[in-house]
Amino acid sequence: MSDQNMIENRTFDEIEVGETASIVRTLGERDIQLFALVSGDVNPAHLDADYAATDLFRRVIAHGMWGGGLISAVLGTELPGPGAIYLSQSLRFTRPVGLGDTITASVTVAEKRPEHRIVLFDCRCTNQDGDVVISGQAEVKAPTEKVRRPRAALPEVQLRDHDGYRRLIELTSSGTPESTAVAHPCSPAAISAVVEAADAKLITPILVGPEARIRKAAQEAGKDIAGFRLIDADHSHDAAAKAVALIRSGEARLLMKGSLHTDELMGAVVPSATGLRTERRISHAYVMDVPDHPTPLIITDAAINIAPTLVEKADIIRNAIDLAHVIGIEEPKVAILAAVETVNPDMPSTLEAAALCKMADRGQITGGLLDGPLAFDNAISAAAASEKGIVSPVAGKAEILVVPNLEAGNMLAKQLTFLGGADAAGIVLGARVPIILTSRADSLRTRLASCAVAVLMARAATKAAPGLPESARA
């Protein structure tokens, strides 16, 4: 083993007055987040850039004890090192430490007291300009036995901040809440989702369902629904039909699933005469916020179309491209997924992928860059695509993942959610209005993101066709 992989102490007898040791660290946002997570100190001066800009130092600064921790690291790993016992520490904070500052933490032996093996250390931290940011003195009981051991390997830590959803919700911060017909919100979870979205000023809900059950659910959830319009319905099917009727009449601009099954809601949506169909195939999409992935991932379709045909897949892609545009992706990269990245006549999904790409080449699908077939790894990993020799503007950079069938989409989304820590905001596209799908298992952040996406879609439709009545807009 090399010396850098070993940790070795200095015993009391070895330590000399004037001896010094130091470590150097550059402060990053991740350091601040980790320190806040471990300590519980969520002071906005450290974590909220908008607040910090109005505070004394006009910028995000590190927790003071982050620098103190560097001094502790020197004493525990360098001088004296393993076997040292911390007895006391004084600290004086003279300058703030900001993002990007490089801090040198050093300790210098000031005095040795043989009677109890006590060593006094002068401690200080300086920044890249040589300015002292922290000074103080430590009292340490030094070890008597020599220790030399391998350095402990630290675990890899993953921070899941879901900034993608925060940005989505921020996009809806201005504007009037959208009138939303909520079908059958008869469970505490469904009522909570509605109230949370209303409190966030995303929607103005109209609750449609059995009145007694809705009020009971609100009471169980501890939510006040006195300010919401309530339309009585006999049962879930009746609630779905009446909610759709509110959309058709122009009284509501969004449709939201309550505690009924998705197929019950869609049963009221799909009829040509009384539903919300357009010329487009109706499809489902998840907007996935995956930790450490730079952009949202749109996965389609995981809830509506079981085994879509080539024609239906073309519409599914068009719907997903429209969604990508609304959330700020100007020319989304669309990967049509299969098990392999080559066309295989024995695998129909690869043939359809190739045909869809040719349709895009001929202008039948516009607004995005298509490539396929691509295996999942080649779609999202540039390294995997390079290893296979795939040269493509989409491979390794995909923002929309088009799955071959519902089962594949459902499995992929749930794998990312339960193994990868992703959040999945669900929405139904291709109807006259966006349809919000939420689940009891969704976090508050996910429920608000689903509503935010629908609000953005509705506002985009209004801008695209400002002169049309609501019932005529696709």
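Helix α8 is followed by Gly 250, whose phi is positive, near 90°. The model described here is predicted, so that local features require pLDDT of at least 70 and side-chain atom pairs count only at pLDDT 80 or more, while totals for chains, interfaces and linings use all residues. Residues are numbered from 1 along each chain as its sequence is written, and side-chain values use heavy atoms, without hydrogens and water.

Helices (DSSP runs of H or I, at least four residues) and strands (E, at least two) are numbered from the N terminus. Helix α8 comprises 14 residues (236-249), which at 1.5 Å a residue should span 20 Å; the distance of 20 Å between its end C-alpha atoms agrees with this. The expected span is 1.5 Å times one less than the number of residues. Buried residues (under 20% relative accessible area, 1.4 Å probe, protein chains only) of α8 include Ala 239, Ala 240, Ala 243, Val 244 and Ile 247. Among the elements covering the buried residues of α8 are strands β8 (178-183), β9 (203-209), β10 (229-232) and β11 (254-257), together with helix α9 (262-269).

Helices α10 (residues 310-326) and α11 (residues 348-361) pack at an angle of about 55°, with their axes 10 Å apart. Axes are lines fitted to C-alpha atoms over the stretch in contact, and angles run from 0 to 180 degrees between N-to-C directions. Contact (heavy atoms within 4.5 Å) is made by Leu 310, Lys 313, Ala 314, Ile 317 and Arg 318 of α10 and by Glu 352, Ala 355, Leu 356 and Met 359 of α11.

Technical notes. Buried < 20%, exposed > 50% of the residue type's maximum accessible area, 1.4 Å probe, protein only.
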